[in-house]
Amino acid sequence: MHIALTGRGVAAATSVAALAVAALATAAPAAAPHTLAVPAVVGHTLVHGVSDPLSSAQCQAKWHINCYGPLQYRTAYDLNPLYRKGITGKGRTIVIVDSYGSPTVQHDLDVYSKQYGLPSTKVKVVKWGHVPAFDPKNSDMTGWAGETTLDVEMAHAVAPAAKIVLVETAVAETEGTTGLPEMMNAEKYLIDHGVGDVISQSFGATENTFPGFDKGNFSSIKNLRYAFQDADRKHVTVLAASGDGGATDLQADGKTYYKKRVNSWPSSDPLVTSIGGTQLHLNDKGERVKPDSVYNDYGSGGGGQSHVFTRPSFQNGVKKVVGTRRGTPDVSMAAAVNGGAWIYSSYDPTAVGWDVTGGTSEATPLFAGIVALADQAAGHRVGNIQQALYRLAAHARANGIVDVNDGTDNSYQGVTGYKAVNGYDLATGVGTVDALRFVPALAKASRHG
């Protein structure tokens, strides 16, 4: 099976350093499908190793794409008024899960923050298992390092005062290694030890590639749900990227796409909020020059019906769209490469500098930042947001949910996708958000004190 990267305070008695030590002793592989994790963010980076970030006008002239920095995102998503009210994610923790991680993640975040006048923050690293030494000549490791960089910098861009815990898992390059079980074990361990209010997952595996799927046996997926069930009980919000393959996704070889509509897990899990992708159309101030459309350029926002999970109760109101199945995504954020995010990295000594990248692996940590803001505004974890999200969408405008309905679609690799239409759709979910209204509305709608 192929895993693609699409693209709270720490309990008083438990330090992150202690967790890292404990993880070495407890990260035994689970009896679950063998996987090899490959980051999908590779291929979604169009510009690499530039000495300084450029304006959108300069990017248009040089590469024929738009490129955006965090200050533009802050305007586009109406975040600045929240910051002026002190809603910055302070006192909340975002957990980011990536294989291998990046040896330069702290330095790179510091450079990124300084460039845009943001306060930096300490990235606390938990090494789950015997994470091998970083090799900049190893394409798997550099791919995941790129994903790690994107995840950390995007989460920080939205929630600048939130704490960030980066979990690096030890997926080795040998046959029969584990990927998803390690990630789920790591997540459950942190949840059980009170670390993290929201978990951002920029990875996924096509449902059809799991053992037993072709026989209608979904136990290999359902046996991996323990971390999400734990998160649901402990009121930790779990997010996952909907994928970058539109209405299709990758086959087990990790290179070719199914010629039919498929979906991916964990995005398809009803206990997870699935984050889809949009394309932003902004000027250099971050103001929209036209409404958002569906991400569909160097990838396409994942979405469609799950073949494993039936329609959950929170989607009963959109059953005319999803039918009897779980539909994804739930909500969307910026993901297009034409309109991609500037990030800074130095893990590859041959390409130190600024990149423009995208994918739903960008959208997911952006939304993790939104959740951290809502956690702070509520004074507690908002937890599983699914019921609240769809209730808020029933009165979308008043609650800061912005419909994406321009008729663009997530068709990809010859597989017909779904159009962005009025209301919920399988291209962008309920749409995207205006944070000034959405954050307090989500905080108020959450029931967990």
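**Notes on a predicted model**

1. Let's start with N410, which sits in the loop between β19 (401–402) and β20 (432–433). The helix and strand labels used here are DSSP runs, numbered from the N terminus: helices are H or I with at least four residues, and strands are E with at least two. Is N410 buried or exposed? N410 has a relative accessible area of 0%, so this residue is buried. Buried means under 20% relative accessible area, exposed means over 50%, and partly exposed is in between (1.4 Å probe, protein chains only). Once you leave aside its neighbours within four places in sequence, N410 is in contact with G246, A247, V294, N296, S300, G301, G302, G303, G417, Y418, L426 and A427. Contact here means heavy atoms within 4.5 Å.

2. A quick word on ground rules. Keep in mind that this is a predicted model, in which local features need pLDDT of at least 70 and side-chain atom pairs count only at pLDDT 80 or more, while totals for chains, interfaces and linings use all residues. Residues are numbered from 1 along each chain as its sequence is written, and side-chain values use heavy atoms, with hydrogens and water left out.

3. Now the cysteines. A disulfide is a covalent bond between the sulfur atoms of two cysteines. The rule used to spot one is a pair of cysteine sulfur atoms within 2.5 Å, and the count by this rule is one disulfide. Which residues form it? The partners are C59 and C67, with their sulfur atoms 1.8 Å apart. The angle about the S-S bond is 95°, and the link of C59 and C67 is right-handed. Both C59 and C67 are buried.

4. Next, have a look at how helix α6 (residues 139–158) packs with helix α11 (residues 360–378): the angle is about 35° and the axes are 7 Å apart. The axes are lines fitted to C-alpha atoms, for helices over the stretch in contact, and angles run from 0 to 180 degrees between N-to-C directions. The crossing of α6 past α11 is right-handed. As for handedness, a crossing is left-handed if the near helix is turned anticlockwise from the far one by less than a right angle, and right-handed if clockwise. On the α6 side, the contact uses E147, L150, D151, M154, A155 and V158, and on the α11 side it uses S361, E362, P365, L366, G369, I370 and L373. Sorted by class, the residues of the contact of α6 with α11 are eight nonpolar, two polar and three charged. In this scheme Ala, Val, Leu, Ile, Met, Phe, Trp, Tyr, Cys and Pro count as nonpolar, Asp, Glu, Lys and Arg as charged, and the others, Gly among them, as polar.

5. Helix α11 also holds Q376. Not counting residues up to four places away in sequence, Q376 touches G86, I87, T88, G89, K90 and R92. Q376 and P440 are 64 residues apart in sequence, and their C-alpha atoms are 9.7 Å apart in space.

6. Another helix pair is α12 (residues 386–393) with α13 (residues 435–445), whose axes come within 10 Å and cross at roughly 125°. Helices α12 and α13 are therefore oblique to each other. The cut-offs: under 35 degrees is roughly parallel, over 145 roughly antiparallel, 65 to 115 roughly perpendicular, and the rest oblique. The crossing of α12 and α13 is right-handed. From α12, A388, L389, R391 and L392 meet F438, A441, L442 and A445 of α13. By class, the contact of α12 with α13 has seven nonpolar, no polar and one charged residues.

7. S99 belongs to strand β5 (residues 93–99). With 0% relative accessibility, S99 counts as buried. The C-alpha atoms of S99 and W128 are separated by 9.1 Å, with the two residues 29 apart along the chain.

8. Y100 is in the loop between β5 and α5 (105–116), and its phi is positive, about 70°, although Y100 is not a glycine. At 6% relative accessibility, Y100 counts as buried. H235, in the loop between α9 (226–233) and β10 (237–241), also has a positive phi, near 60°. H235 counts as partly exposed, at 26% relative accessibility.

9. Finally, the cis peptide bonds. The bond from W265 to P266 is cis, with omega near 20°, and P266 is in the loop between β11 (264–265) and β12 (273–279). T328 and P329 are joined by a cis peptide bond with omega about 0°. P329 lies in the loop between β15 (325–328) and β16 (331–334).
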